Amino acid sequence: MSPRAAEDWRAAPVGVRRALAALVVLVGAAGCIQIERATLGTGATDVGPGDVSVDTTVDAEPDDAEPGDDVEIDVPDADDLDTGESSGDCETSCADDDPCTIDRCVESTCERLPIANCCASDGDCDDENACTADTCDDERCVFSPRSDTTCALAPGGCATSATCALGECVQVPLECDDDSPCTADLCEGGTCLHAPIAGTCDDGSACTSGDTCAGGSCHGVAIADCCTVDADCPGSTCSPGVCASGTCDTTTAADTVTCDDGDACTTDDTCAGGTCVGTPRVCDDGDLCTGDLCSTAVGCLAAPLTGWAASPCKKAGVCAAGGTATCSNSVWTCDYEAIPDYATTETRCDGVDEDCDGETDEGLDLGIDEDCAGPGVCALGAPLRCTLGEPVCDRSALPHYEAVETACDLRDNDCDGVRDETCDQDGDGAADPVDNCVDRPNGAQLDSDDDDRGDACDLCPLDSKDQCESAQLGFWPLDEATGPVKDQAGQATPGEVGPGIERGVAGPRGRAILAPGTADGRVVIAAPVAYQALSRLTVSAWVRAEVGSLGAVRIALGATNDAFTLGLDATGRARCSFKVIGPSESVAVGDVAMADGQWHHVACVRHIEKEGRPRNAVLLDGVVSGAAQDGGVSSNLVAIAELSIGGAVDGTRAFAGGIDDVRIVAEATDATSDADLDGVPDVVDRCPGLADPAQLDGDGDGVGDACDDRTGRPCATEADCDDGNPCTSATCTPSGPLSVCVVTSASGPCDDGDVTTTPDQCAAGLCAGLRPNLTITKTFPPGHHYFDTIDLGPGDTVTCLGTQDGWYGAGCVFHAHTIIVGVGAVVTADGQGFTPGNGPGQCGGNVSASHGGLGGAISPSYCGQESTYGSLVWPTALGSGAAGTQDGLGGGAIAFIASDEVTIDGLVTANGTDQPGLAASGGSILLLSKIINGSGTLRARGATGTEGGGGGGRVALHGDTISDALTIDVSGGGGTLPGAVGSTWSGPFDALPGTGD
């Protein structure tokens, strides 16, 4: 009831309130009644029609209504309500003084109907609920909820306490939950019961599966190798078990953790890598007459020793059968005298161990047996050693001997008649003795022209006479009157010839081509090799400019203005330029101009030196024209697709003039470079591949007679085969359907054109004169020196000077029929190389000089492998000086060339000189002869410096027979960082420049 309704109720007359109460009573018997609207007259003192209006909705009729039916009940007027007044039916009034009853007369009987929740005092209000406070307020019972007291426990004993809360008695039940998903928990009569139930469950363990209830408990099937805590995992002190992600594993205890390995024969047990390891216990009671042993269960034990077997007496050899041995006070007494054949030292080579030391026939000196001699280092015989009771040769005692040869030292170390058979300097799988190209990979051993020089090493792989420079990449003589352009081997070269070119005109080397001064006056052919990868390059040609027509002649590697160009500018000055991937380089000829109408030899040189910096120069008629110029740090040349020779234009005029003998060489050629050691610079040498000091060209074809082999050329008469060389004989010989030239060497006197030589004789197709014999101590300038015989003995000293002219400098070349450097004789070029700060092998900075081997570097990355230089097979370069001005001098260069024999029993040396600081590199030694004999020393060592050693030099031997007793030393110099070992090479005797048979 709302507060306002309560006020209206209390204000209504008693009669009205009684009437409503009666209505409530009447309706309550039938069901629920909802008073939707009640209106009371204001200030009414009694109830009359219109004073009270009641609308009701009843869930059921008093008699037969069903729940949900609507029943209309008319509330009687106040006059119909019995107010307690007496009526005719009742003798007296039924009204009483009880305000909580409705008094009425029914069939002459007073009825008093109680009014619900009506009271006169607090005692009339008792709802029998201990959790309410019962009070009478204005004749109405008020039951206020209480929360501050206890109440009665529910019967049955399944409650532990009861407390009032908001007017209700809240029972606290007995706790019967056993936390098991497999029981039904209940309380009966104050006792907890746990009835088992079936079904799935979770036993809370990660190591079981398929958990189900059984007997009131949850049970699962165990999962193998599963764990939840470390305690589930087995382990040990040094390898404790751990549980990781539900699986057992082990860890490794620190090596400092102590443990017990259970072995009494160890002590100080500690963990080591997860295992308990102890130090073996030393059992020694100090008594030599007892045997000390250890039991793993007990520890050290000792037992008395008796008899020969237990004694420390000798038991090898003849003593194995035993003797008499006794022990007293830690002293053993051994009786050997009774043992047959016993001796204190070995005396016989019989395969018996007489001194019982475990070795047989040791220490016997049986002397040297010459029958043990053999090839190579075994030439002088070997000591005898007693082996298996027999005297045998012990070659292992010989210097340089190897049972299986591995050293690459130009010796027959295993005495099988073959030198260095296991060496493979180029790593191509072919051993050096059978490798036709020892310093470059040539695994297939290709030799297209059958000249015994593999194609990888053969710079003229289609020319059996190798009529080209040692590093020549291409040579176009331009001799053809018609047809394709041909190279030095006579092979046709693909390409095209401009229609303005005239071919077969007269040139300085036979025939040439003539460019008419038109734009198409040129020859274009495919480039034969990838020139852009070369660090050293020379392009040269003979050129003649027409009088009054000085245009631009271009010999270009690549298309116009591509890669490399050697040409003439409009003033007649030669110019070369390089187009590179990176900074461009260009070098002019200087102040020397070519004369109109005259043939000149022009060469353009590119040389990548230290730190990747190129040095470029132009040579005019074999002389450097102007100072060589240094370019910037260089990259490779751009890719080259073709070679263009002739009248390319400079934008205004084409070249008008002649061109002859275009040559491309993979070397930095200069005025002093002389690959064949014939005294003629390579740039003007008519035969740069073979010695041709007289430069004879009998047939005027521009090719020196030494290279001009007409053998095999078609001929009609003898005149077609005559090369004009007095030292050759040529015949025209029928061969199949044709006749071909056959050229052979001739003998007899001749004239080499040198008045200082005598006698002049033909030898190997050449005319060579000789000077008197060299048998004195002397200093020689750089260059070629010719003698009949060189014979040096004890005390003789020959010093070979060097010159720094050219890229590699030059030393001494000695020519003779026989060359002997006897015992006690010295030929030296020590310190005759490049001066400090000069030479192609010096890098500057903190690096010693290189040559055949790299110099020792304080900053090793400063210089790369390009710092080595010179030829492995034909070494003639000087050693380089180191970077500093106070550092040492490089070694010089010495070459011995003999037609008959070279014998070295003394010392030939070309060392760099030692100096504090950085060090210089060793020089070069070259020997060429059919026979190279002796047991002396060839030395081209790098110098020693306090900061780093110089690189070793280079030594090469060309001979059909080479002594294995020679000592070759190309070691790097010592220092903080020593220099690397230089190079050695040996091979067959091929050609004999300048002299020989």
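A residue is called buried under 20% relative accessible area, exposed over 50%, and partly exposed in between. By that rule Arg348, with a relative accessible area of 43%, is partly exposed. The structure described here is a predicted model. A search of the whole structure finds 10 salt bridges, and the count of aromatic pairs comes to five. The points below cover the salt bridges, the aromatic rings, the strands and one surface patch.

**Salt bridges**

- Arg348 and Glu354 meet through their side chains in a salt bridge, with 3.0 Å from N to O. Arg348 is partly exposed at 43%, whereas Glu354 is buried, with a relative accessible area of 1%.
- Glu480 and Arg503 also form a salt bridge, and their closest N and O atoms are 4.0 Å apart. Glu480 sits in the loop between strand S24 (472-476) and strand S25 (485-486), while Arg503 belongs to strand S28 (residues 502-507), so this pair ties together parts that are 23 residues apart in sequence. Both Glu480 and Arg503 are buried.
- Asp96 is joined to Arg112 by a salt bridge whose closest N and O atoms are 2.9 Å apart. Asp96 is in the loop between strand S2 (52-58) and S3, and Arg112 is in strand S4, so the contact ties together parts that are 16 residues apart in sequence.
- Asp96 counts as partly exposed because its relative accessibility is 26%. Arg112 counts as partly exposed as well, at 42% relative accessibility.

**The hairpin of S3 and S4**

- Strand S3 (residues 101-106) and strand S4 (residues 109-114) run antiparallel and are joined by six bridges. Val106 has Thr109 in S4 as its bridge partner.
- Two residues lie between the strands of this hairpin, and Glu107 takes a positive phi near 50° there.

**Aromatic rings**

- Phe780 and Phe814 form an edge-to-face pair, with 5.3 Å from centre to centre and 90° between the planes. The pair links distant parts of the chain, since Phe780 is in strand S46 (residues 778-780) and Phe814 is in strand S50, 34 residues apart.
- Phe780 is buried, with a relative accessible area of 5%. Phe814 is buried too, with a relative accessible area of 2%.
- Phe814 also pairs with Phe896: the ring centres are 5.7 Å apart and the planes stand at 45°, so the pair is tilted. Phe814 lies in strand S50 and Phe896 in strand S52 (residues 893-904), so this pair ties together parts that are 82 residues apart in sequence. Phe896 is buried, with a relative accessible area of 2%.
- Elsewhere, Trp308, Tyr336 and Tyr342 form one aromatic cluster.

**His815 in strand S50**

- His815 lies in strand S50, which covers residues 812-821. Its relative accessibility is 0%, so His815 counts as buried.
- The side chains of His815 and His784 are joined by a polar contact of 2.9 Å.

**Strand S57 and its partners**

- Strand S57 (residues 954-958) is mostly covered, with five of its five residues buried. On one side these are Arg954, Ala956 and His958, and on the other Val955 and Leu957, so both faces are covered under the rule that buried means under 20% relative accessible area.
- Strand S54 (residues 924-928) runs parallel to S57 and is joined to it by five bridges. Ile925 has Val955 in S57 as its bridge partner.
- S57 also pairs with strand S60 (residues 983-987), in the parallel sense and over five bridges. Leu957 has Ser986 in S60 as its bridge partner.

**The open sheet of S21, S22 and S23**

- Three strands form an open sheet in the order S21-S22-S23, with antiparallel pairing. Strand S21 (368-369) and strand S23 (390-393) each have a single partner strand and stand at the edges, so one side of each is left without a neighbour in the sheet.
- S21 and strand S22 (residues 382-387) run antiparallel and are joined by two bridges. Ile368 stands opposite Pro383 in S22.

**A nonpolar surface patch**

- Leu293, Val298 and Leu301 form a nonpolar patch on the surface, and together they have about 270 Å² of accessible area.
- Leu293 is found in strand S17 (residues 290-295). Leu293 counts as partly exposed because its relative accessibility is 42%.

Terms used. Residues are numbered from 1 along each chain as its sequence is written. This is a predicted model: local features need pLDDT of at least 70, side-chain atom pairs count only at pLDDT 80 or more; totals for chains, interfaces and linings use all residues. Side-chain values use heavy atoms; hydrogens and water are left out. Two strands pair if DSSP finds at least two bridges between them. Helices (H or I, at least four residues) and strands (E, at least two) are DSSP runs, numbered from the N terminus. Patches are made of residues with over 30% relative accessible area and no salt bridge: like charges are joined within 9 Å, nonpolar side chains (Val, Leu, Ile, Met, Phe, Trp, Tyr) within 5 Å. Accessible areas come from the Shrake-Rupley method with a 1.4 Å probe; for residues, only the protein chains shown count as cover. Buried means under 20% relative accessible area, exposed over 50%, partly exposed in between (1.4 Å probe, protein chains only). A polar contact is a pair of N or O atoms within 3.5 Å; within protein, one must be able to donate a hydrogen and the other to accept it, and residues adjacent in sequence count only if both atoms are side-chain atoms. Rings of Phe, Tyr and Trp (its six-membered ring) pair if their centres lie within 6.5 Å; planes under 30 degrees apart count as stacked, over 60 as edge-to-face and the rest as tilted.
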